Amino acid sequence: MLFRLVAKDFRANGLYLAISLGILFVLNAILSFGVLGSESGPVSAGGDAKLTVAIPMFFLVSVLGSKVASLLFLKIDDMSDSNTFFASLPVKRKELVKARYISSAILACVALVVLLLATLPAYFIYGASYSETFSLLHYPAFWCIFLLFIWFSNSISFPFYFRFGLARGVFTVVIIQVLLATAMVIILLDPDVREGILDFAEGALDWINTIHIALLGLGSLGITLLLMLGSAMLSVKFYKVRDL
Amino acid sequence: MKSSMKCCPFFMTAVKIKVKETSMINTLEISNLAKDYGDFRLEDVSFNLPQGYIMGLIGPNGAGKTTIIKIIMNLVMKQQGQVKLFGKDHQEYEVAVKKRIGFVYDTPNYYQHLNLRQLKNVVAPFYENWDEAVFNGLVNHFNLPLKKTLKKFSKGMAMKASIAIAMSHHADFLIMDEPTSGLDPVIRREVLDFFREFMQHEDKSILFSSHITTDIEQVADYITYVQDGRVIFSKTKDEVFEDYALVKGGNDLLDEDTKSALLGVRSGAYGFEGLTHNVKGARAVFGDSAIYDPASLEDIMFFTGMKTRKVL
């Protein structure tokens with residue numbers, strides 16, 4: 001049943017998926033041409049500055065783009081009220097929630113692959129093997145971190161969507177994020193606390209550096225998957241009693 | 001049987017009432033259902049639908065018809081009471097009972113970008129009993145285009161498409177929320193004729209809500225009337241028309257005492273018109289000075305709703 005539900009999402013929303021991925025591809029391709037165009041020729045004195053702008057831009061487009069893409073099916077269901085329709089079929093709500101987690105995780109992967117592929121035309125046209133930005137962006141770990149970040153972020157926000165619906169859920173998550181950010185800024189205003197936190201972060205980073213990269217990757221994946229599992233259980237609990 | 005039904009619409013009711021006396025299996029059993037939304041409350045809703053019958057759920061807009069249907073389908077959570085479908089609890093055996101149900105919305109607006117064939121391909125895998133031949137038969141019967149996107153469907157076509165989707169897995173119980181509202185008279189009749197055809201199989205049942213009382217009068221065997229979240233009555237159609245009557249007479253017959261024999265009354269320059277659910281009692285009060293006419297469902301809804309409207 002789970003497979004049928006996931007397949008249903010892709011079958012029913014194939015057109016919207018293709019359009020969304022197409023938009024992401026074009027956006028990232030344009031960004032790639034822009035970055036490589038500015039980096040072509042001998043590396044200038046401002047090369048580092050360009051890199052510091054280019055990397056966050058890629059990060060923003062990639063993470064935001066794939067995050068939005070991973071919510072595509074949720075958005076379509078919310079708009080067309082197909083949640084109610086599918087809950088009227090002989091399917092348990094638990095299965096509907098699980099399927100949504102799986103299809104969103106798959107969508108995030110697909111979106112990141114499309115975003116990576118979008119960098120290739122510029123890469124080949126400029127022959128830009130010297131580009132520092134691209135040598136970093138084509139490092140597989142970079143994309144794995146993106147993927148884990150999106151899965152992690154979705155795990156935090158999905159229970160809110162299943163509890164309140166997508167629009168109200170997004171609103172709630174944004175409010176919580178703003179409150180947390182404000183609280184963080186207020187806390188960091190105290191120099192002693194700020195120093196303590198920075199010391200802790202430095203210590204944590206030092207400790208992480210001592211861990212083997214493979215172990216670190218597996219550990220991060222494990223923690224993210226555990227979080228997804230817990231999040232899915234919470235979402236099931238909410239969705240099972242929600243009025244549709 | 002089909003032709004005899006067409007020439008004599010009450011034939012089926014008569015036959016079934018006879019069957020009812022010997023064996024009574026309920027397709028739907030609802031007891032003491034309650035749901036509180038704060039500004040609206042569904043209270044102590046109880047009624048049964050025996051297998052092989054059509055039940056019309058009537059009531060004004062906002063009376064609670066859709067909420068009851070959504071609770072039956074477990075789309076809205078009940079706070080109290082019990083719902084049994086085919087003798088089984090609707091939540092405990094949710095998947096099993098839903099396999100035997102065909103559900104039709106009032107406004108089917110999901111997946112408008114797909115065409116009917118694509119929608120069928122999305123829905124069919126969820127039903128083990130999906131019958132392609134039945135689906136194609138219904139598509140032909142309703143003259144529906146398979147390749148046109150659903151957003152280009154008229155309201156009538158969308159409703160017929162929903163019925164085709166809901167019926168293609170050999171459902172035993174058809175639940176529909178306002179299936180005829182907003183349809184033109186030709187398509188409404190087509191849909192009602194389809195109900196009759198569906199009911200030729202004696203193990204099938206239909207529950208449909210509507211505020212178009214003439215539709216209910218035409219096809220329903222049982223009528224459940226809901227008002228302000230409460231069931232006013234749930235009876236066979238014959239019982240309803242036997243119990244209720246319109247009393248008409250001159251204004252001189254009306255005073256506080258005689259008014260109490262009526263459920264609702266309106267008076268004008270030429271006299272009064274009121275509803276009673278106790279014809280014998282009304283005759284005792286008004287005698288032969290008044291006229292006693294059969295009440296239509298619309299009359300019943302209008303006069304029983306008068307109290308509420310006055311309060312509001």
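B:D228 is partly exposed, with a relative accessible area of 43% (buried means under 20% relative accessible area, exposed over 50%, and partly exposed in between, with a 1.4 Å probe and protein chains only). That residue belongs to a predicted model, in which local features need pLDDT of at least 70 and side-chain atom pairs count only at pLDDT 80 or more, while totals for chains, interfaces and linings use all residues. Residues are numbered from 1 along each chain as its sequence is written, chains are lettered from A and ligands numbered from 1 in the order in which they are written, and side-chain values use heavy atoms, with hydrogens and water left out. The model scores ipTM 0.79 and pTM 0.83. Here is a short tour, by topic.

**Two positive phi angles in chain B**

- B:D228 has a positive phi of about 50° although it is not a glycine.
- You will find B:D228 in the loop between strand 9 (222-227) and strand 10 (230-236) of chain B; strands (E, at least two residues) and helices (H or I, at least four) are DSSP runs, numbered from the N terminus.
- B:F86, also not a glycine, has a positive phi near 55°.
- The loop between strand 4 (80-85) and strand 5 (88-89) of chain B holds B:F86.
- B:F86 counts as buried because its relative accessibility is 17%.

- B:R266 sits in strand 12 (residues 264-268) of chain B.
- With a relative accessibility of 44%, B:R266 counts as partly exposed.
- Leaving aside residues up to four places away in sequence, B:R266 touches B:G271, B:F272, B:E273, B:F302, B:F303 and B:M306, where contact means heavy atoms within 4.5 Å.
- B:G250 lies 16 residues from B:R266 along the chain, and their C-alpha atoms are separated by 12 Å.

**Where chain A meets chain B**

- The contact draws 28 residues from chain A and 25 residues from chain B.
- Together the two chains bury about 2,400 Å², 64% of it on carbon and sulfur atoms; buried area is the accessible area (1.4 Å probe) that two parts lose on being put together, summed over both.
- A:F85, A:P90 and A:D243 supply 26% of the area that chain A buries against chain B, more than any other three residues.
- There is 1 salt bridge between chain A and chain B, a salt bridge being a side-chain nitrogen of Lys or Arg within 4 Å of a carboxyl oxygen of Asp or Glu.
- The side chains of A:D243 and B:K35 form a salt bridge, at 2.7 Å from N to O.
- On the side of chain A that touches chain B, helix 1 (2-12), helix 4 (72-80) and helix 5 (82-87) each supply at least two residues.

**Chain A overall**

- Chain A has 11 helices and 0 strands.
- Of its 244 residues, 39% count as buried.
- Among contacts in chain A with a separation of 6 or more, 85% come from residues 24 or more positions apart.

**Confidence in chain B**

- Chain B averages a pLDDT of 86, and 90% of the residues score at least 70; pLDDT is the predictor's confidence in each residue, from 0 to 100.
- Over residues 1-22 of chain B pLDDT stays under 50, and the model has 19 contacts beyond four places in sequence for them.
- Residues 308-312 of chain B also stay under 50 in pLDDT, with 3 contacts beyond four places in sequence.
- Where pLDDT is low, the predicted coordinates should not be read in detail.
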